[in-house]
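Here is a short briefing on a structure. Look over the sequence and the coordinates first, then read on.

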Amino acid sequence: MTQLIANIFITTLFYLLLANSFSLIYYPTKFFHIAHAVVITSAAYLTFLFANQLSLPFAVAVSAAIVGAVCIGLLCEILFYRPMRKRNAPALAYLIASIGLYTVLQNCISLLFGDDMKIIRTGQVTVGHEIFGAYISTIQITTMLVSVLLFIGINLFLQFTSVGKSVRAVSSNPNLCDIYGINSSRIILIAFGIGSALAALAGILSAMDTNLTPTFGFNLLLYGVVAMIVGGLGSTRGLVAGALLVATAQHLAAYYIDTKWMNGVTYIILILFLIWKPLGFSGVRLRKVEI
Amino acid sequence: MEYILHLFIFIVFYTLLAQSLNVSAGLTGLISLAHAGFYGIGAYTTAILSQQFHFPLWINLPIAMVVCLFVSLVVSLIALRTVNDYFIICTLGIQVVIFSLMNNWMGLTKGPLGISGIASVSLFGITFDHKISFLLLSLLFMVIVWYALNNLFNSAFGKTLLAISEDEIYAESIGKNVYQSKVVSFAISAVVAAIPGALYAHYISYIDPSSFTVTESIFILSIVIIGGMGNLTGSFLASTLMVVLPEILRFVGTPNNIAANVRQMIYGAILVLVMMSGSKGLGQFFTKMKSRIISSN
């Protein structure tokens, strides 16, 4: 039982990191950047490449992987989304283009590394630390610390720094920002950079905890998206509540029914929320038009 | 020869799928990622009926269509509460739920093992087990569906759907029942998707959940987009292109495992390019060419 609670707690924090990384891009751009999943996956694969195949020191490998993944995120914005924004593409075009981008990049990873499961080696496997009767591995502790620190860090950044305030300004009205001299294009690029870095960390942490396949980022991304939608947009507390709900439901489903229903349960939560509480916990409207 | 016939049959399947999705995605603007789910429901209904009760296609197909109708009504109750991006994400969720039912409900669908031994189609003592006869049969379905959907597109109801995709509030303000029209168009899409599902099950005689994944949904959607939204001829041209293009890779000599990835990369890249250039797809291009040829004559 303590193990279950510990697992729920760890997963909640992990999903919080994912939801945070995705929402940071979603708020200013207002579209679902599905190719974000590739940023998650590529960070893990780059770590695998640098640490296992080129046997660089682990810290170097991780930093290089994060830099690489951030570059992918930034290139998506610079090469694809920005030209579309200049052309005033309809809102749905971004989502569809990003699905296309995801398909291309994910298959690149499949081609380069193969579709089989990979494991990042990090020394010998240990049982983990026993805390209140629950076994928690070092990676899980790292995940928790990183998630909490980054969550607090990002919120402070958005609240108090001038760049962070600009991100929030662009989120609420990009046109007005351009009038006031905030370069919305640059701010969006910064949001892409920070969001991708968070996603890269999440990808590496997840890959070290379990294993990696070319599609694992997609599921993780969707858990983050569900947590964000369930939590309601634009709310920090909502994000925490959303992550907690998704993690709890998944672990209870795995514990009482079967692990194979975890995905189904996640989406049933999403669907139930869209029926009964379409505005999420925070109550911010998500419909574009209300008559 | 067998191989070319096989390709033609798949072109017909994907044309049917893309044209049916075109009703909701192209005409009404309800871009759905759950289409492979409905395709799968059609196929699974047929497979189970055929294997358990030895029903022929002519009984399976209407039942599969009714099942798809019911599921689509339930789905539209849920999904149509949302608009735009959220609609896509919601249908994506529904696709994953349908897939996980197919993959995990061992009692009904046998999970990842799939259902095998589905009888081939027979009518009045003629068995459609030869590829040519099956191709003719599916072509017949394609012609009927094409004709019916073409009429739908040009009907008053079709114009209402088009109006909804262009300006929902305006359509509502001139007295159109937007919600009901959306439900009907979504249901038509799902019901028509049962046809290729049933045909696929009888043709392949073995189905498993891997044919009805999110990737398949994205593939069908990309055919619709590449062909042009709301353009039935475009859907046919794009299906032909998307089925034939990867086969060229096979002739170049790419190994099978790489070919699958390259195929997905091709349609992903085309999807990005179409979205970035803002073009109206192959169908539009074809109409332009045709009018140019006619005017030059």
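Which residue takes a positive phi just after H2(B)? His54(B) does, at about 55 degrees. The model is predicted.

**Helix H2 of chain B**
- H2(B) runs over residues 35-53, 19 residues in total.
- At 1.5 Å a residue, helix H2 of chain B should span 27 Å, and its end C-alpha atoms are 27 Å apart, so the two values agree.
- Of the 19 residues of H2(B), 16 are buried, so the helix is largely enclosed by the rest of the structure.

**Where chain B touches chain A**
- In chain B, 34 residues are in contact with 38 residues of chain A.
- On the chain B side, helix H4 (84-104), helix H8 (168-173), helix H10 (214-227) and helix H12 (256-277) each supply at least two residues.
- H4(B) gives the most to this side, with twelve residues.
- By type, the residues of chain B that touch chain A divide into 21 nonpolar, nine polar and four charged.

**Ile120 of chain A**
- Ile120(A) sits in the loop between helix H4 (91-113) and strand S1 (129-131) of chain A.
- Ile120(A) has 21 other C-beta atoms within 10 Å; the cut-off for buried is 20 or more, so Ile120(A) counts as buried.
- Leaving aside neighbours within four places in sequence, Ile120(A) is in contact with Thr47(A), Phe48(A), Ala51(A), Asn52(A), Ala207(A) and Met208(A).
- Tyr102(A) is 18 residues from Ile120(A) in sequence and 23 Å from it in space, C-alpha to C-alpha.

Notes. Residues are numbered from 1 along each chain as its sequence is written. Chains are lettered from A and ligands numbered from 1 in the order in which they are written. This is a predicted model: local features need pLDDT of at least 70, side-chain atom pairs count only at pLDDT 80 or more; totals for chains, interfaces and linings use all residues. Helices (H or I, at least four residues) and strands (E, at least two) are DSSP runs, numbered from the N terminus. The expected span of a helix is 1.5 Å times one less than its number of residues. A residue is buried if 20 or more other C-beta atoms lie within 10 Å of its own, exposed if 12 or fewer, and partly exposed in between; C-beta atoms are placed from the backbone. Two residues are in contact if their C-beta atoms, placed from the backbone, lie within 7 Å. Ala, Val, Leu, Ile, Met, Phe, Trp, Tyr, Cys and Pro count as nonpolar, Asp, Glu, Lys and Arg as charged, and the others, Gly among them, as polar.
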